[in-house]
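Here are some notes for a colleague who is meeting this structure for the first time. Please read them with the model open.

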Amino acid sequence: MSRGSLRVQSLAYAYPSGRQALYGINLDVEPGERVAVLGPNGAGKTTFVLHLNGVLGGGLGQVEVGGLLVERANLREVRRRVGIVFENPDDQLFMSTVGDDVAFGPANLGLRGQALDVCVDIALARVGMTHGRERPPHQLSAGERRRVALATVLAMDPELLVLDEPSSHLDPRARRELAEVLRGLDLTLLMVTHDLPYALELCERALILDEGVIVADGPTRDILRDDDLLHAHRLELPTGFDPTRV
Amino acid sequence: MGAGHLHPLSVPGPSPLHALRPHTKVVATLLFVFAVVSTPREAFWAYGAHAGILAALAGLGHVQARILAPRLVLEAPFLTFALLLPFLARGERVEVLGLLHLSSDGLWAAWNILAKGTLGLTASLLLVATTPTVDLLRGLERLRVPPVFTSIASFMLRYVEVIAAELRRMQVARVSRGHDPRWIWQARAIASTVGAVFVRTFERGERVHLAMVSRGYTGSMPPTGARPAAAAEWAAVLLVPLSAAVVSVAAWSTIG
């Protein structure tokens, strides 16, 4: 398998409480592909995402990233390859300054000194946030915080970028700026979202995850045109939005 | 959010004091305080000399007296205690202003606390005024303070604004629904708010940990300590406590 590919085979998982969250997921994502993961609340999307970098595990099935099996022995490399940007940037940005936060991941990978500085500069430049390096995260706007959160994982040179609700709490301009940054990245992208127009704008492929299984997988435009399918899985397009006209 | 300021105590630079490495300033402040504490209380002139050193530093760091003075209020509880000493202490009593008969030992003790406390606190305030809090933590890390302490302080700094903003939003929501507590038994809603924020903060802690693990965290924070200082910088910074030490030694020799 080549850099950035994802293969998920028969992935099933139940929480220690006994609640079954995933019932056997199969998914192949090609390098460079952009895939939207859609689904209602409680569908198992976050549980699925946390299996991609081995934060959750111990169930059935297997996950491979770029041909590397996600298992305890490979966790360090897997977490370098899979960059997860969580929904709330305040959870992701925990250091006192933007620069320290972006440096956290590569420093954990062993980078130090000048090389670490350069890595931080490059990651911040990729999201247009070079000017914010010494600023504390809470002084940034929501859009800036989201882009810095993206920089924190880009600094680890990931192959697969996973975004959890990237457009939530963003105003239209910040939403557009983030989309421009994401379009400029040459990475495999998995985007978990309820924002269907954003999914259509950025991802050529979409899948619907509901009750722990993938119930639909295909071109985003086709999936969003299927009103019955969306309705059955509690997904809705904004009023007046026509996916065929975008 | 966004209205808060991470360095509420620091005064914007640049100045020669701002430019110094934080760990050198921490060490110099600590040694200066030791020198002040070891000065004999009878040598009034020595305290004037110590105050002169601090005044010179404040000028060098562009920290104005009107910024430092209100912050000295931190000392108030200790001063209250010191002011009581002349009344409460035993021993020989002296007449003051023809009205009060105060304990001589108590007066000396009160002066000792007042002078040393004020000088020590002023030195600390100068340190934080010319060093952003983040840099202070980096300095402490450089001085080998256990990372667990600097990490806890760093997380506290990072999230205090987030949690304060959450509390403010919840307060607005409470007031918007007609909550207007005037009596102690109406405080239940406030207690519930604090409880809810505690639970949410706990949950946030779990999410932050998840985000850290996802970026390769395995139990120890990577070093973010300040860069090492050159010998010349150390020498320049240590001149300050050295001067204070010379004053202290001279004071002992004059009263001895």
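1. The C-alpha centres of domain 1 of chain B and domain 2 of chain B lie 37 Å apart. Domain 1 of chain B covers 16–139 + 228–255, and domain 2 covers 147–214, with bounds that come from an automatic or database domain assignment.

2. This is a predicted model, in which local features need pLDDT of at least 70 and side-chain atom pairs count only at pLDDT 80 or more, while totals for chains, interfaces and linings use all residues. Residues are numbered from 1 along each chain as its sequence is written, and chains are lettered from A and ligands numbered from 1 in the order in which they are written.

3. Chain B holds 10 helices and two strands, where helices (H or I, at least four residues) and strands (E, at least two) are DSSP runs numbered from the N terminus. Along the sequence of chain B the order is α-α-α-α-α-β-β-α-α-α-α-α.

4. The radius of gyration of chain B is 24 Å, whereas a compact globule of 256 residues would have one near 18 Å; the radius is taken over C-alpha atoms, and the globule rule is 2.2 Å times the number of residues to the power 0.38. Along the principal axes, the C-alpha atoms of chain B fill a box of roughly 65 × 55 × 30 Å.

5. The contact between the chains takes 27 residues from chain A and 25 residues from chain B, two residues being in contact if their C-beta atoms, placed from the backbone, lie within 7 Å. On the side of chain A that touches chain B, H4(A) gives the largest share, five residues.
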